[in-house]
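Have the structure open while you go through them.

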Number of protein chains: 2
Amino acid sequence: MMVNSTGSAGSKHLIALVGFGTVATGLCKILLEKREHLSAAHGFDFEIVAVSTRSRGTIYNPQGFSLPELINLSQSTTPFENHLQDWDSEAMIRKSNATVVVELAHTDLNTAEPALTHCRAAFETGKHVISGNKGPAAIAYSELSALASKHKLLFLNEATVLSGTPVFSFVHNTLGGNRIKRIRGILNGTTNFILSEMQSGSSYESTLAVAADRGYLEADPAADIEGYDAQAKLAILANILLDTPLELGQVKRSGISSITSEDIKAAEQEGKRWKLVGTLSIENNTVQAEVKAEKLPLDDPLAQVMGTLNAITFSTDLLGDITITGPGAGSIETGYSILSDLLILNGQETS
Amino acid sequence: MMVNSTGSAGSKHLIALVGFGTVATGLCKILLEKREHLSAAHGFDFEIVAVSTRSRGTIYNPQGFSLPELINLSQSTTPFENHLQDWDSEAMIRKSNATVVVELAHTDLNTAEPALTHCRAAFETGKHVISGNKGPAAIAYSELSALASKHKLLFLNEATVLSGTPVFSFVHNTLGGNRIKRIRGILNGTTNFILSEMQSGSSYESTLAVAADRGYLEADPAADIEGYDAQAKLAILANILLDTPLELGQVKRSGISSITSEDIKAAEQEGKRWKLVGTLSIENNTVQAEVKAEKLPLDDPLAQVMGTLNAITFSTDLLGDITITGPGAGSIETGYSILSDLLILNGQETS
C-alpha cells in the first residue's frame with residue numbers, strides 16, 4: 001500500500017477565510033463531511049478561526065468555529081452578530097492566530113486589490129496563502145512568490161484555473177520529470193457553455209440569458225465573453241507552471257462575442273467546432289500566449305469538451321500529449337481545490 | 001514557488017533491472033537525458049547496478065554501469081559479456097547491493113511467475129519493488145503489499161495501467177480527499193487501435209495484421225483481443241485504488257473478436273462507437289468489475305479516445321467525473337512511468 005505523499009501527522013492548521021461566498025461555503029461543507037477522513041488518512045487537522053467579508057464584517061474565534069454554525073451563517077447575507085468593529089480583512093489577517101489565509105475576495109484584474117494587500121499582509125505576518133482569487137497570481141505572481149519564499153511560506157493557487165480540477169498538483173506531483181512544451185485549454189466554462197448551446201441551435205442572445213440565469217456569468221459579463229477570465233488563467237498557468245513571469249497584457253486576447261449562429265453552422269458543415277482556446281507555447285525560451293476562438297476538428301480532444309466542463313492538454317517531452325478534463329466551476333468543486341492546496345501545505349509541513 | 005513533493009535531497013538509489021527490453025531501454029534513455037535535472041529539481045540520484053535477463057544472463061557492477069554502455073547493450077540480444085554464471089535473477093536480487101528492483105520480466109497472468117518470486121526475494125532482502133509487470137499486482141497484490149509494509153518498503157506499479165500516464169500518482173497525489181465511486185476506462189491500446197482502424201473502413205483481419213506488424217500485439221494476441229490484458233489492469237486498479245482485493249477471476253471479461261465491420265457501421269449510423277471498456281463500480285461496498293465491448297454515444301469522453309491512446313474516467317464524490325487521456329504504450333512513455341515511481345520512492349524516503 002502506497003503511503004500518500006500528504007500522509008503522516010501534521011500540526012493543526014488554523015484557517016482564516018477572506019470572503020464568504022459559494023466557494024467558502026463549499027469548502028466548509030467538505031471539511032464538515034470529511035473531517036475524520038482527512039485526519040485519519042492525511043494527518044490533516046484544522047480549525048476555521050476567522051471569517052472576514054466586505055459587507056458582513058469580521059468574526060474571530062482563536063479556538064475555531066463550529067462548521068455547522070459557519071454553514072448556517074453562509075446562508076444569510078446580513079452583517080455577522082458579534083463582528084469585530086475594528087478588524088477589517090487586513091487587520092484580521094495581521095492580528096489573528098491563523099496559520100493560513102484562504103483569499104476569496106472579489107477579483108479585480110486591474111489592480112488585484114484588495115487581494116494583493118491581503119496576500120502581502122499574510123506573508124509579512126508568517127501566514128501561508130491559498131488564493132481562489134485570480135488577481136494575485138495573474139498580476140503579481142513574481143512579487144508574491146518571492147515574498148512567500150523569503151518567509152518560508154507557500155503561495156498556492158489551485159482553485160484559480162479549472163476550478164475543481166487540480167492542474168497545478170497534477171503537473172507538479174504527477175508529471176514530475178517532464179518538460180512542458182505547450183499548454184492548450186478550454187479555461188472558461190461559461191463561454192464553453194454558450195458555444196455548446198449555440199451548437200444545439202440556440203441563439204447567442206437566448207443562451208447568454210440562460211447563462212446569466214444559472215449564475216454562470218461573472219459580475220461583468222465581458223470577463224467571460226471577451227476572454228479576460230481565460231486571459232488571466234493563461235497568465236497564471238505561465239507564471240506557475242513555466243516559471244516564466246508573464247504580464248497580463250502579454251497574453252493576446254479575443255472573445256466569442258463576434259461568433260454567430262451562422263459561423264457555428266458553417267463550422268459544423270466542415271466537421272468542426274468553435275471553442276475559446278487558450279494556448280501557451282514555448283519556442284526558443286520565449287512564451288507565446290493567446291486566447292482566441294478557434295474552429296477545432298472533431299478529433300481534437302478539446303473539441304469534445306462540452307457544457308461547463310474545462311480541459312487542458314499538456315504537451316510534454318516524454319509522454320506526448322496528456323489531457324485532463326473536469327469541472328471548471330461549482331461550489332463543492334472549487335471548494336475542493338482549496339482543500340487540495342491545504343493538503344499540499346500539510347504534506348510540505350510534515351515532510 | 002511551490003516546492004515539488006518529491007523535492008529535497010535523498011540518498012542514492014541503486015537500481016536493479018530484471019528484464020532488459022523496450023521499457024528498460026526507454027528508462028535508461030530518460031535517465032541519461034535527465035540525470036542532471038532529476039538531481040537538481042528532485043534530489044534524485046541513482047546508479048543502475050545490475051541487469052538480469054532470462055536469455056542473456058546477469059551483469060552486476062556495485063558502483064553502477066554507464067548509461068550509454070547500457071543503452072548500447074540493449075541494442076543487441078546476444079548473451080552479456082562478463083555475465084555472472086552463478087547469478088540468476090533471484091540470486092542477483094538477493095545478493096546485489098540494489099536498493100530498488102525494477103521488475104520487467106515476462107508477464108504470466110496465471111502464476112505471476114517468475115515475477116512473484118522476484119518480488120518476494122526483493123522484499124525479504126530489504127529492497128523496494130517497482131513493477132512494470134502486471135502479474136504481481138493482478139494476482140498477488142494483497143500478499144505483496146503486506147510483505148512490503150512489513151519490511152517498510154514500497155511496492156509500486158505505475159507502469160502496469162495506462163503505461164505512460166501516471167494514474168496511481170494522479171489519484172493518490174492529485175485527487176486526495178475524494179472518494180472514488182466508479183472507474184471506467186479504455187485500458188488496452190491495441191484493441192482500441194483495431195476498433196479505430198475498423199471505424200475508418202479497414203477489415204478486422206487486415207487491421208490485426210497491421211497491429212502485429214507494428215508490434216502492438218502481445219506475444220499471445222488473445223491477451224489483447226479477448227480482453228485478458230484489460231482484465232488484469234482492472235484487477236490492479238481495484239487492488240491499488242479501491243483497497244478492495246479482487247481476484248482476477250472476479251473480473252468479468254469478453255473481448256472484441258466477435259465485432260464485425262457491419263457492427264461498426266451499424267453503430268456509426270446510430271451515432272455511436274464500439275470501444276472495449278473496463279468498468280469498476282462500487283455499490284453497497286461491493287466492487288463489480290467487467291471488461292466488455294460497448295457501443296458508446298459520441299458525447300461520452302471515452303468515445304473520443306482513438307488509436308493507441310488510453311483514458312480513464314474517475315467518478316468522484318466531490319468533483320464528479322474527471323477524465324485523463326494519454327499514451328497507453330511506448331518505450332519512453334512506459335519508461336517514464338517507472339521513473340514516476342522512482343520519484344515517489346525518492347519523495348517518501350526524504351520525507
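1. Start with the salt bridge between Lys34(B) and Asp317(A), where the closest N and O atoms are 2.5 Å apart. Keep in mind that this is a predicted model. Between chain B and chain A the count comes to two salt bridges, and the Lys34(B)–Asp317(A) pair is one of them.

2. Where does chain B get the residues that touch chain A? The elements giving two or more residues to that side are helix H1 (22-42), helix H6 (141-150), helix H7 (167-174), strand E12 (320-327) and helix H13 (331-350) of chain B. By residue type, the side of chain B that touches chain A splits into 20 nonpolar, 22 polar and seven charged.

3. Polar contacts are there as well: the rule finds 20 residue pairs across the interface of chain B and chain A, with both residues at pLDDT 80 or more.

4. On size, chain B and chain A bury about 4100 Å² between them. Carbon and sulfur atoms carry 56% of that area. Each chain puts residues into the contact: 49 from chain B and 49 from chain A.

5. For a landmark, find Thr325(A), which stands opposite Thr323(B) in E12(B).

6. Now to a sheet within chain B. Six strands make an open sheet in the order E3-E2-E1-E4-E5-E6, and the pairing is mixed. Which strands stand at the edges? They are E3 (57-60) and E6 (155-156) of chain B; each has a single partner strand, so one side of each is left without a neighbour in the sheet.

7. Inside that sheet, have a look at E1 (residues 13-18) and E4 (residues 100-103) of chain B, which run parallel and are joined by four bridges. A handy pair to click on is Ile15(B) and Val100(B): Ile15(B) stands opposite Val100(B) in E4(B).

Terms used
Residues are numbered from 1 along each chain as its sequence is written. Chains are lettered from A and ligands numbered from 1 in the order in which they are written. This is a predicted model: local features need pLDDT of at least 70, side-chain atom pairs count only at pLDDT 80 or more; totals for chains, interfaces and linings use all residues. Side-chain values use heavy atoms; hydrogens and water are left out. Contact means heavy atoms within 4.5 Å. Buried area is the accessible area (1.4 Å probe) that two parts lose on being put together, summed over both. A salt bridge is a side-chain nitrogen of Lys or Arg within 4 Å of a carboxyl oxygen of Asp or Glu. A polar contact is a pair of N or O atoms within 3.5 Å; within protein, one must be able to donate a hydrogen and the other to accept it, and residues adjacent in sequence count only if both atoms are side-chain atoms. Ala, Val, Leu, Ile, Met, Phe, Trp, Tyr, Cys and Pro count as nonpolar, Asp, Glu, Lys and Arg as charged, and the others, Gly among them, as polar. Two strands pair if DSSP finds at least two bridges between them.
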